[in-house]
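Hi,

Here is the structure for you to pick up. My notes on the contacts follow below.

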Amino acid sequence: MKRLINLILLLLTVTALLILNAWLPRWLNPYINQIIIMAGINIILAVSLNLINGFTGQFSIGHAGFMAVGGYASAAFTYYLWKLHFKGAHAPGGMTGYAIFFAALLIAALSAAVMGFLVGVPSLRLRGDYLAIVTLGFGEIIVALINNIEVVGGSRGFTDIPFYTNFFWVYLVVVATVLMTRNLVQSAHGRALIAVREDEIAADAMGINTTRYKVLAFVIGSACAGVAGALQGHYNLSLHPSAFKFLKSVEVIIMVVLGGMGSITGSVLTAIFVTVLLELLRFPVWVACIFFALILATAILSRPRVPLIKEQLVPQILVCVGATLLLVFALAPIVHSALLQVAWFKAHWAPIGTRLIFVGIAAAAVLPMKRLDVWTRFLFKNFIYALVLTCVLLFARKWFNDNAAGFRMIIYSALLVILMLNRPQGLFGKAELSAATWRRLFKPLAR
Amino acid sequence: MAGSKCQPANLLTGLVFLADWLQQLTIGIVLGSVYALIALGYTMVYGVLRLINFAHGDVYMLGAFFGYFAANALRTAEHPSLWRAAAVFLIAMGLCALVGMTIERFAYRPLRQAPRLTALITAIGVSFLLEYGGQLVFGADPKSFPDVIETKPVVEWEYKGSFLIITNTQVVIVVVAFALMLLLRFIVLHTKIGKAMRAVAQDREAAALMGVNTDAVISFTFALGSALAAAGGILISLYQPSIDPLMGVLPGLKAFVAAVLGGIGNIPGAVLGGLLMGLAETFVIANTLWLPPILMRLGMAKESASGVDISNYADAIAFLILIVVLLVRPSGLLGSVQREKV
């Protein structure tokens with residue numbers, strides 16, 4: 001019976017994916033479709049790295065290397081199959097195309113898994129930061145080797161890869177990765193992985209073959225990363241070695257840590273969040289909005305651990321009020337200019353809009369003041385970041401607007417630091433997103 | 001950069017290219033001593049906090065930029081003198097020490113009790129902040145570092161058609177770097193704050209119980225490491241006078257590798273690791289006979305007029321050495337194996 005339900009669910013998922021695959025390009029513009037695909041690939045990367053870093057506790061910082069192996073192996077397969085066997089002007093499509101791409105994904109997974117095994121074996125001897133540096137080294141060596149292999153384009157990059165990746169394939173792999181990770185973590189093997197993370201010596205003493213489980217995590221995690229690389233290669237139609245350097249690995253680690261080590265839903269959500277955030281930050285008007293929205297959100301979410309001190313109440317209230325005013329005056333014009341981008345707002349609300357926005361932001365800033373201690377602690381904690389950015393926005397708006405592109409990564413990194421300072425365990429910690437999480441989330445406001 | 005082309009030389013022909021060999025040795029030691037200076041910052045911070053301070057490479061970049069502004073303000077290019085050069089060094093080192101302490105105060109201190117990976121991500125965030133902030137403030141295009149000392153050769157030697165040239169800049173780099181390392185050794189081994197640093201590195205809680213102000217000691221460690229990185233930044237700018245906001249990324253990574261190679265947390269280890277990295281980068285690439293033919297046969301290297309070009313492998317070989325060393329000695333060359341107690 002259970003097997004039947006699973007089968008029906010699987011069929012439903014595949015049908016839903018196929019329908020969405022057909023309709024999404026018609027509903028949404030190509031740019032948004034591209035972001036959706038990139039988000040899917042990042043989900044695969046983040047969840048698979050979470051298996052290694054979050055659940056098994058092995059510190060790997062070379063995930064992009066595995067991605068490169070999978071991407072290049074599969075791209076070489078499809079490209080040379082097309083050029084040497086089919087020899088058409090276009091790569092074979094239709095059902096043949098689907099079959100070829102399925103085989104390419106398998107090749108990507110296998111080749112990356114072999115690399116994962118090679119890296120996982122040294123983890124028999126190495127621990128913590130030493131393992132991290134070896135994974136980093138493997139990643140860099142892979143990139144250097146690819147740089148020199150002329151068959152796949154060398155340092156010029158591998159171009160002219162056939163186009164196979166679409167919404168269906170990406171999200172099929174996303175579903176497969178998430179389900180596999182979840183089932184693995186909840187099984188006996190998963191408990192062994194978590195035992196290795198919590199205390200390797202104790203796990204060993206309990207009869208768990210720690211080596212085997214560490215290598216297992218590496219192999220599965222890197223296989224998924226390889227598939228992600230294949231998806232990316234057949235979407236962008238080109239692969240470049242420099243795209244798989246240390247920075248890419250860092251991007252994935254950021255998603256994992258931000259979402260919470262050992263939280264699958266956390267990884268999924270932050271992968272989407274980071275992808276969308278980095279795209280939104282390309283538009284100058286959104287840059288400041290996002291920044292302050294997130295500051296406010298973290299202010300509400302971070303919970304106090306220390307009660308207010310009576311003697312310091314007056315200066316704290318003063319700081320609060322001052323900072324709130326600064327925020328309102330810096331933020332209102334920016335929100336206004338962002339909203340002016342929306343035609344409907346411009347037509348109906350433009351004249352009185354500014355005043356409304358002033359009031360709205362003041363209300364949003366006062367809302368967390370209901371819990372004054374939260375707000376104060378938050379402002380003290382992030383005083384320097386808040387001050388610098390508010391000053392920039394208040395006094396150098398023109399300079400800011402002229403250099404908005406330069407601010408993209410600055411805001412991104414500032415956000416990263418602020419989020420980490422306020423939620424050191426990541427947005428979700430080890431918890432999964434469930435009904436209980438929602439209740440907990442809104443508790444500070446309800447009280 | 002030297003060592004970009006492979007010379008067909010093995011042990012036998014190596015003697016013929018003796019001058020060439022010595023030239024590679026010089027360049028290796030020059031680069032290595034700068035890597036060692038940066039690696040010291042990594043290793044000291046790791047020692048007291050168990051934190052890989054990824055922003056360290058960018059503090060080195062800031063050091064070079066502070067040196068650039070100081071040298072322009074003091075007009076060292078027009079009036080080169082020892083005092084001005086010293087002033088450039090001191091200003092940059094002082095400013096970087098302040099930057100290091102600020103970073104520690106606002107980005108790392110709130111995370112003392114947090115999981116280690118959180119602090120690591122924060123360090124990466126700070127590193128991005130410095131890199132992209134640097135691009136915004138200083139401009140993304142490379143700047144030419146003004147002359148602080150007049151470059152002239154001190155050794156010129158020809159031996160069977162190959163040359164050995166050592167410039168005074170190279171000598172200054174090595175001398176200043178090693179003088180700073182000796183100073184550091186003195187501070188760590190023979191002063192009160194050095195004793196406190198060692199105590200914090202050994203056991204932070206126990207040190208705090210014994211009356212050591214751990215926050216002050218950690219702050220001092222950051223200041224010391226950042227000042228050394230600043231010195232490294234200026235020294236390398238004397239040698240390769242083109243500076244840009246992303247110049248710290250690769251040397252930072254290599255210095256980190258050097259610190260791990262020597263055994264992270266171990267100060268002599270960082271110096272050894274740094275020198276090895278510098279030598280590996282110039283030497284292994286310049287003087288191997290066995291590697292190019294194999295790579296050629298695999299179709300993974302191109303032949304050019306002056307031999308087989310394997311400069312692309314520079315970083316890969318450095319990492320390969322690292323991996324091999326770590327597989328043989330899992331806690332670095334000089335690192336001690338710590339037994340875990342249950």
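**Interfaces**

Chain B and chain A bury about 4,200 Å² between them, 79% of it from carbon and sulfur atoms. Buried area is the accessible area (1.4 Å probe) that two parts lose on being put together, summed over both.

The model is predicted: local features need pLDDT of at least 70, side-chain atom pairs count only at pLDDT 80 or more, and totals for chains, interfaces and linings use all residues. Residues are numbered from 1 along each chain as its sequence is written, chains are lettered from A in the order in which they are written, and side-chain values use heavy atoms, with hydrogens and water left out.

Contact (heavy atoms within 4.5 Å) joins 48 residues of chain B to 43 of chain A. Salt bridges (a side-chain nitrogen of Lys or Arg within 4 Å of a carboxyl oxygen of Asp or Glu) number zero here.

Now the domains. Chain A has domain 1 (33-280) and domain 2 (284-446), with bounds from an automatic or database domain assignment. A:L258, A:L278 and A:L280 supply 33% of the area that domain 1 buries against domain 2, more than any other three residues.

Best wishes
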